[in-house]
Amino acid sequence: MRTADTEPGRVSLAAAHDAVAGRPVRAGSPGSSGLMSPVAAPRPRGELSAQARAERGTRARVARLILELGPSTASLIGGRLGLTPAAIRRHLDNLLAEGLIETRSARTYASRGRGRPARLFAITDAGRSAFEHAYDDLASSALRFLATEAGPAAVEKFARHQVSELERRYGAVLAGVAPGERVRALADALSADGYAASASAAPAPTPAPAPAGAAAGATAMAGEAAAALAGGEQLCQHHCPVAHVAEEFPQLCEAETEAFSRLLGRPVQRLATIAHGDGICTTHVTGHSLADRQGTSAQAGAECRGGQPC
């Protein structure tokens, strides 16, 4: 795992934890950039302390919001927190200097005209680690030992066992929830466990242009498939307590995805994971109408294979 302890000009990992948690940063601590230390201007001690606490508290809210929303623009973050452009720039610049966030360029799917691409701010490993509480090097070492001694199948079995307790608890929560509300209820349950999850309608896919000479029936089928996908939902996890372990052992992500499908009673597909370097773990949940059609098709196929009329 990367740290900022030995890199000049960045705060130590301990200082990063203090910064995001809102605790005082020790002046002169190893690796301290001084950006979060008391300024040199002569002010009353009580006034300076109150101002420093307020700054740290706001900065922690900025970092937390970026963690929950994923890569975001300064205007979005400032608008959510009610900060002026000058204030949000100050906090973002400090978080950048401390290595807790980084900048990215927004992907553009349509022409933006003249000008530069939107600048996004995303949490870094150092920033994410300030919120981590459930993974460490010992877990990776134990799984490595298990894989060596008992083989990959043992790691898969462990992953399913690890997820089974969460599945049991979440199953009790979702038992009385209407099918159309289950994705949101699952997101709430995940958030209560620290995954900072959210649920939303799946974005409508951009239909690919039909090839020249394509039959009308093929074009209609493609449009129907796109509409079915658009009717699905998207489950996003903005925080993963075991991301560093799952990077080496994707069986953890696979077991979780299988559990989501069982809990929701619908096919799901993992589109992105924090463990693989994405900003958010994103799971597509098949829409009810398409899931029902898939179930009907599977049943018909089974009957055909059994010798019954198709």
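User: I'm new to this. In this chain, what share of contacts between residues at least 6 apart in sequence join residues at least 24 apart?

Analyst: Welcome! Among contacts between residues at least 6 apart in sequence, 62% join residues at least 24 apart. Keep in mind that this is a predicted model.

User: Which residues touch the most other members of the largest nonpolar core?

Analyst: Let's take the general idea before the case. In soluble globular proteins, nonpolar side chains tend to be buried together. Here the largest nonpolar core has 18 residues, and those touching the most other members are Tyr 170, Val 183, Leu 186, Leu 190, Leu 235 and Leu 264. At least two residues of this core come from each of helix H7 (152-174), helix H8 (182-192), strand S3 (197-201) and helix H11 (251-264). H8 gives the most, with six residues. Apart from this core lies another, of 17 residues, including Leu 65, Leu 81, Ile 101 and Phe 131.

User: Which residues of H8 are buried, and what covers them?

Analyst: A residue counts as buried when its relative accessible area is under 20%. In H8 that holds for Val 183, Ala 185, Leu 186, Ala 187, Ala 189 and Leu 190. Their cover includes H7, S3, strand S4 (233-237), H11 and strand S6 (281-285). Take Leu 190 as an example: leaving out residues up to four places away in sequence, Leu 190 touches Tyr 170, Tyr 195, Ala 196, Ala 197, Leu 235, Gln 237 and Phe 260.

User: At what angle do H8 and H11 pack?

Analyst: To read a helix pair, check the angle and then the distance between the axes. H8 and H11 pack at about 130°, and their axes are 10 Å apart. Because of that angle, H8 is oblique to H11. The crossing of H8 past H11 is right-handed. Where the two helices meet, Arg 182, Val 183, Leu 186 and Leu 190 from H8 face Phe 260, Leu 263 and Leu 264 from H11.

User: Which residue other than glycine has a positive phi, near 45°?

Analyst: That is Ala 196. Ala 196 lies in the loop between H8 and S3, and its relative accessible area of 10% makes it buried. Gly 194, which follows H8, also has a positive phi, near 95°.

User: Is Ala 199 buried or exposed?

Analyst: Ala 199 lies in strand S3. Its relative accessibility is 13%, so Ala 199 counts as buried. Beyond residues up to four places away in sequence, Ala 199 touches Val 183, Arg 184, Ala 187 and Gln 234.

User: Could we try one more residue? Where is Leu 92?

Analyst: You will find Leu 92 in helix H4 (residues 85-97). With a relative accessible area of 1%, Leu 92 is buried. Setting aside neighbours within four places in sequence, Leu 92 is in contact with Val 62, Ile 66, Ala 74, Ile 77, Ile 101 and Phe 121. Leu 92 and Glu 102 are ten residues apart in sequence, and their C-alpha atoms are 9.3 Å apart in space.

Key. Residues numbered from 1 in each chain as written. Predicted model: local features only at pLDDT ≥ 70, side-chain atom pairs only at ≥ 80, totals over all residues. Heavy atoms only, no water. Contact = heavy atoms within 4.5 Å. Core = buried A, V, L, I, M, F, W, Y, C linked by side-chain atoms within 4.5 Å. Buried < 20%, exposed > 50% of the residue type's maximum accessible area, 1.4 Å probe, protein only. Helix = DSSP H or I, 4+ residues; strand = E, 2+ residues; numbered from the N terminus. Axes fitted to C-alpha atoms, helices over the stretch in contact; angles between N-to-C directions. Parallel < 35°, antiparallel > 145°, perpendicular 65-115°, else oblique. Left-handed = near helix turned anticlockwise from the far one by under 90°.
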